[in-house]
Amino acid sequence: MTAQQAGLRPLKIGLVGLGKIAVDQHIPAIRANPNWELVAGCSPSSRLPGLRCYQSMEAMLAEHPDIEAVALCTPPQVRQALAKQAIEAGKHVFLEKPPAATVGEADTIRELAEAHGVTLLAGWHSRFSPAVEPAREWIAQRTLSSLRIEWKENVREWHPGQHWIFAAGGSGIFDPAINSLSILTRLLPDTVIVRKADMHVPVNCAAPIRAELKMGTEAGLSIRAEYDFLETERQRWSIFAETADGEKLAVHKGGMMLEIDGKVVLDGVDAEYAGLYAHFHDLIRTRRSDADFAPMRIVADACMIGTFLPAPAFIE
């Protein structure tokens, strides 16, 4: 039901950060949803045609005090300070993934939102891919014996010029890899524990460009993950699961396609951000939050127990 059908006006939202993810995903999703009104955006350097733009969130909110929610689409290193400013101004907050630069920062954002009574959404967009919930239902009825993740893509194609991604706090390969972990922690009912991690860090960077993780659950499920930011020949975003009885499930295309025992049973379309903004609207209207940081905790655990290995310099 739309806001108009329910007799409610659309919620007014502002965008903080006007880079690629805002242009490609957030703006189209907001403008396609009649429950939202995109009022303005802000960025120190970017301006977009057809959108009132400001150099800072402070200036945007001063000019548009009627904005009720903000979506933080900035690099994670600056999200905690911006979230604090927005929450203290009484605004609901959508955090693009990862929610912050550290788990501690994310926790302080959640605590602040609770204290101020505003909605907080950790935007794990991959959880809203069409194959995720059918896969979760399939797994819930079975006992898995193993699970494997292959998440390999070309950083030069998907993150051109985004130098922050290899800086401290930028996550490196874990920026896309955390999407797989957001799906993993949705699919499994048990806590995922990192057992071993090898992370390959270019000698001129602060964050890994490749990683291999061995994980598991207390129930005995074995989980392996391979992540690579330098894949050009066969990019893939897949999760493979197998039961003790030999049944097999695969989620491909980042959650768009579901395969059961070698047969494609679902091949959907990208509607992740449409789902996220519908969810955000529902959370605000029902005075709830969705701030699960489990995917981020796995990355932090990998960094705590991992081995850091030198890799060749990354030159874009």
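Which strand does glycine 123 lie in? Some notes on that and a few other spots follow.

1. Glycine 123 first. The model is a predicted one, and in it glycine 123 belongs to strand E6, residues 120-123. The residue is buried, at 1% relative accessibility. Leaving out residues up to four places away in sequence, glycine 123 touches Phe94, Leu95, Glu96, Lys97 and Leu276. If you want a distance to check in your viewer, take glycine 41: 82 residues separate it from glycine 123 in sequence, and the C-alpha to C-alpha distance is 18 Å.

2. Now the stretch around lysine 97, one of the residues touched by glycine 123. The peptide bond from lysine 97 to proline 98 is cis, with omega near -15 degrees. Proline 98 sits in the loop between E5 and H4. Worth a look if you're going through the backbone torsions.

3. On to helix H3, residues 79-88. Its buried residues are Arg79, Leu82, Ala83, Ala86 and Ile87. Viewed down the axis of H3, these fall within an arc of 130 degrees, so they line one face of the helix. The cover over them includes strand E1 (11-16), helix H2 (57-63), strand E4 (69-72), strand E5 (92-96) and helix H4 (103-116). Just after H3 comes glycine 90, with a positive phi of about 85 degrees.

4. How do H3 and H4 pack, in angle and axis distance? The angle is about 0 degrees and the axes are 10 Å apart. That makes H3 roughly parallel to H4. On the H3 side, the contact is made by Arg79, Gln80, Ala83, Lys84, Ile87 and Glu88; on the H4 side, by Glu105, Thr108, Ile109, Leu112, Ala113 and His116. Sorted by class, you get 5 nonpolar, 3 polar and 4 charged residues. Arg79, Ala83 and Ile87 turn up both among the buried residues of H3 and in its contact with H4.

5. Glutamate 68 is a charged side chain to inspect. It is in the loop between H2 and E4. Is it buried or exposed? At 18% relative accessibility, glutamate 68 counts as buried, because the cut-off for buried is under 20%. Not counting residues up to four places away in sequence, glutamate 68 touches Arg9, Pro10, Leu11, Lys12, Gly90, Lys91 and His92.

6. Salt bridges next. Side chains of opposite charge can pair when their charged atoms come close. The structure holds 20 salt bridges, and a few are picked out here. Arginine 236 and glutamate 231 meet in one, at 3.9 Å from N to O. The cut-off is 4 Å, so this pair still counts. Arginine 236 is buried, with a relative accessible area of 14%, and glutamate 231 is buried too, at 15%. Both belong to a network of salt bridges that links Arg148, Glu150, Glu231 and Arg236.

7. Arginine 288 and aspartate 282 meet at 2.7 Å, N to O. Arginine 288 has a relative accessible area of 38% and is partly exposed; aspartate 282 is partly exposed at 36%. In the other pair, aspartate 301 bridges to arginine 297, with the closest N and O atoms 3.0 Å apart. Both lie in helix H9 (residues 294-305), 4 residues apart, about one turn of the helix. Aspartate 301 comes out at 22% relative accessible area and arginine 297 at 25%, partly exposed in each case.

8. Lysine 253 has phi near 55 degrees, a positive value in a residue other than glycine. Its place is the loop between strand E12 (248-252) and strand E13 (257-260), and at 43% relative accessibility lysine 253 counts as partly exposed. Aspartate 261 is also not a glycine, yet has a positive phi of about 50 degrees. You'll find aspartate 261 in the loop between E13 and strand E14 (263-267). With a relative accessible area of 49%, aspartate 261 is partly exposed; a residue has to be over 50% to count as exposed.

How values were computed. Residues are numbered from 1 along each chain as its sequence is written. This is a predicted model: local features need pLDDT of at least 70, side-chain atom pairs count only at pLDDT 80 or more; totals for chains, interfaces and linings use all residues. Side-chain values use heavy atoms; hydrogens and water are left out. Buried means under 20% relative accessible area, exposed over 50%, partly exposed in between (1.4 Å probe, protein chains only). Helices (H or I, at least four residues) and strands (E, at least two) are DSSP runs, numbered from the N terminus. The arc is that of the directions from the helix axis to the C-beta atoms. Contact means heavy atoms within 4.5 Å. A salt bridge is a side-chain nitrogen of Lys or Arg within 4 Å of a carboxyl oxygen of Asp or Glu. Axes are lines fitted to C-alpha atoms, for helices over the stretch in contact, and angles run from 0 to 180 degrees between N-to-C directions. Angles under 35 degrees count as roughly parallel, over 145 as roughly antiparallel, 65 to 115 as roughly perpendicular and the rest as oblique. Ala, Val, Leu, Ile, Met, Phe, Trp, Tyr, Cys and Pro count as nonpolar, Asp, Glu, Lys and Arg as charged, and the others, Gly among them, as polar.
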